[in-house]
Amino acid sequence: FTNPLNPDWPDVSPWTLLNAGQFRPDGPAGYPKLSNLLRSDEYAAAFNEVKSLGDLHSTTRTDEQTLIARFWANDRNGTYKPPGHLNAITQTIAANQGNTFSENARLFALLNMALADAGVVAWDCKYATKLDLWRPITGIRNADDHHNRQTGADPNWEPLSNDPAVNGFTPPFPAWISGHATFGAAHAAVLREFYGADDLTFTITSDDTPGIERTYNSLDAIAHENGVSRVYLGVHWRMDIEDGYTAGTQLGVWVVANYLRPVN
């Protein structure tokens with residue numbers, strides 16, 4: 001464990017937002033109080049999902065899910081992190097679509113304003129609220145502390161992200177909301193609004209899985225897969241993903257509707 005990463009990010013001046021909390025969800029699974037969340041059925045379901053699928057030695061996670069977890073990881077220093085990966089994907093899509101120079105200038109400006117503000121949106125939830133939700137590695141090891149009969153502690157539980165074979169890593173900031181899900185949904189929303197369509201087909205790579213290519217048939221598909229990859233990696237709860245997806249989508253639509261609008 002390291003010191004908390006970027007706790008002041010909610011105070012960064014945004015590019016497009018009216019304020020950092022503009023798209024802040026009500027709370028994980030709709031619970032504004034952490035104590036109520038930890039005793040809820042929704043938390044128990046998310047807990048048992050990631051305890052099984054995100055375990056370093058999981059027997060329920062499929063090979064495909066393990067590949068998805070690694071393909072979208074973008075955590076360790078030396079990788080291009082989520083904004084870099086999403087920019088690389090956009091380069092592929094823009095080339096496939098035959099964008100002009102001016103179209104690329106507008107698209108990449110919209111995208112990167114949205115990605116910059118996605119960091120503000122996600123880190124606002126992480127640090128500017130009272131919902132400092134622990135990561136699965138802490139929640140599962142200390143499950144007996146929150147008095148939910150549907151969860152069981154495992155003091156030796158390790159997430160897939162901690163695999164020493166790939167320089168194990170646990171993100172050092174609160175779980176809610178997922179930055180990956182927020183970035184991914186904002187990216188998909190910007191491109192969907194820009195092209196006026198979701199059903200684009202493209203083949204992409206990742207520097208976390210050299211030599212592996214994956215083909216997708218929609219923008220929303222990669223946003224959802226990017227988000228759920230964090231459950232398979234064992235670093236997020238399902239509600240982190242769902243709320244990040246919602247906030248990121250709202251942000252992406254907002255950016256395209258209000259900034260750099262095309263001249264008729």
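Tutor: First, the model is predicted: local features need pLDDT of at least 70 and side-chain atom pairs count only at pLDDT 80 or more, while totals for chains, interfaces and linings use all residues. Residues are numbered from 1 along each chain as its sequence is written, and side-chain values use heavy atoms, with hydrogens and water left out.

Student: How many aromatic pairs does the structure hold?

Tutor: There are 9 aromatic pairs. Rings of Phe, Tyr and Trp (its six-membered ring) pair if their centres lie within 6.5 Å; planes under 30 degrees apart are stacked, over 60 edge-to-face, and the rest tilted. Phe47 and Trp237 form a stacked pair, 6.1 Å centre to centre with 15° between the planes.

Student: Which parts does the pair of Phe47 and Trp237 tie together?

Tutor: Phe47 lies in helix H2 (residues 41-53) and Trp237 in the loop between helix H8 (219-232) and helix H9 (238-258), so the pair ties together parts that are 190 residues apart in sequence. Helices are DSSP runs (H or I, at least four residues), numbered from the N terminus.

Student: Is Phe47 buried or exposed?

Tutor: Phe47 is buried, as is Trp237. Buried means under 20% relative accessible area, exposed over 50%, and partly exposed in between (1.4 Å probe, protein chains only).

Student: What else is buried in H2?

Tutor: Besides Phe47, the buried residues of H2 are Tyr43, Ala44, Ala46, Val50 and Leu53. Their cover includes helix H1 (34-38), helix H3 (63-71), helix H6 (136-141), H8 and H9.

Student: Now the core. Which residues touch the most other members?

Tutor: In the largest nonpolar core, of 70 residues, they are Trp72, Ile89, Val190, Phe202, Trp237 and Leu251. Such a core is a set of buried Ala, Val, Leu, Ile, Met, Phe, Trp, Tyr and Cys residues joined through side-chain atoms within 4.5 Å. Helix H5 (residues 101-127) gives the largest share, 13 residues.

Student: Where is the cis peptide bond?

Tutor: The cis bond joins Trp176 and Ile177, with omega about -5°. Ile177 is in the loop between H6 and helix H7 (179-195).

Student: Which residue has a positive phi of about 50°?

Tutor: Asn74, although it is not a glycine. Asn74 is in the loop between H3 and helix H4 (81-97), and at 2% relative accessibility Asn74 counts as buried. Ala29 has a positive phi too, about 55°, but at 35% relative accessibility Ala29 counts as partly exposed.

Note on methods
Helices (H or I, at least four residues) and strands (E, at least two) are DSSP runs, numbered from the N terminus. Contact means heavy atoms within 4.5 Å.
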